[in-house]
Amino acid sequence: MAEHYSSFTKGGRLWLWQRLTAAFLVVVLAFHFFLLHFVYHADEVTFALSQSRMEMWTYYSLMILFLFTATFHGVNGVYNALINQGLTGTKRQIVKWTLIAASALLLFQGVRTANAWAGLPTFF
Amino acid sequence: MSQSYNRGLIEDFGRWREFSAGMWAWIFHKFTGWVLVGYLFTHIAVLSTAIPAASQDPATLAAGEDIYTTTIVTLESLLLVRILEVGLLAVAVFHILNGLRLLLVDLGIGLDSQDKSFYASLILTGAITVASVPTFIAGAF
């Protein structure tokens, strides 16, 4: 008989999304590490080289999807870890909305950065 | 058949001597997750130097003297950064391998050998990390 150690409420939508993003991230995070450390080396990075990759819409869209899934998976993971430690009530609401605001800022800045390489608007 | 149960005081880390392999896997997954999400915010902050770099003149960009390239090159010249990158690789590899293990366990695959698959994740993480050290350290000296 298995013991259920999961931090998440089974059957919930967040639980499902945490798993779906995990399945995607397992592949894309491994690809990201392999490409940027083993195919290209981190110390050889230049703006032009990053730009040449990000100008391909396939690579750009993959990186945008990577940013959104990693942010959701990471921040939702942190939120659930804090709930595991006994976070409840008003503190839970404050933490939840702080994490949502931090995620929104991260996504906005991440998209701006990707756009800077892709030659798309950076908004300001 | 799986069963949910009240974990009670399982988050009481003072009981670490009583922890099973599954509990250690849970703690390591949590720890590596915290590191990775912290790195995600730092990573985007560093990469954001591409925004001002994009408006620098083409000659500066072609010469690799823009703010983005010089920031990355400066960071990569530091041995401490290279060592931290090896640590980040170890953290990411463990989180990926243990994450795969968790996905399989969630699907009911390998429940009876979940302790062995945790040990396999640890060993494979160590092997991949050690094998990657030359690539990560190359050019640092």
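Biologist: Does H1(B) pass H6(B) in a left-handed or a right-handed crossing?
Modeller: This is a predicted model, in which local features need pLDDT of at least 70 and side-chain atom pairs count only at pLDDT 80 or more, while totals for chains, interfaces and linings use all residues. Residues are numbered from 1 along each chain as its sequence is written, and chains are lettered from A and ligands numbered from 1 in the order in which they are written. Helices are DSSP runs of H or I with at least four residues, strands are E runs of at least two, and both are numbered from the N terminus. A crossing is left-handed if the near helix is turned anticlockwise from the far one by less than a right angle, and right-handed if clockwise; the passage of H1(B) over H6(B) is left-handed.

Biologist: How are H1(B) and H6(B) oriented to each other?
Modeller: The axes of H1(B), residues 21-47, and H6(B), residues 114-137, come within 9 Å and cross at roughly 45°, the axes being lines fitted to C-alpha atoms over the stretch in contact and the angles running from 0 to 180 degrees between N-to-C directions. Angles under 35 degrees count as roughly parallel, over 145 as roughly antiparallel, 65 to 115 as roughly perpendicular and the rest as oblique. H1(B) is therefore, relative to H6(B), oblique.

Biologist: Which residues of H6(B) does H1(B) meet?
Modeller: Residues are in contact if their C-beta atoms, placed from the backbone, lie within 7 Å. From H1(B), Ala21(B), Gly22(B) and Ala25(B) meet Gln114(B), Asp115(B), Phe118(B) and Tyr119(B).

Biologist: Which element gives the most to the side of chain B that touches chain A?
Modeller: The contact draws 44 residues from chain B and 40 residues from chain A. Among the elements of chain B that each supply at least two residues are strand S1 (2-3), helix H4 (67-76) and helix H5 (79-106). The most, 11 residues, comes from H1(B).

Biologist: At what angle do H1(A) and H3(A) pack?
Modeller: H1(A), residues 13-39, passes H3(A) in a left-handed crossing, and the two helices are oblique to each other. With their axes 9 Å apart, H1(A) and H3(A), residues 57-84, pack at about 130°.

Definitions and conventions: Two residues are in contact if their C-beta atoms, placed from the backbone, lie within 7 Å.
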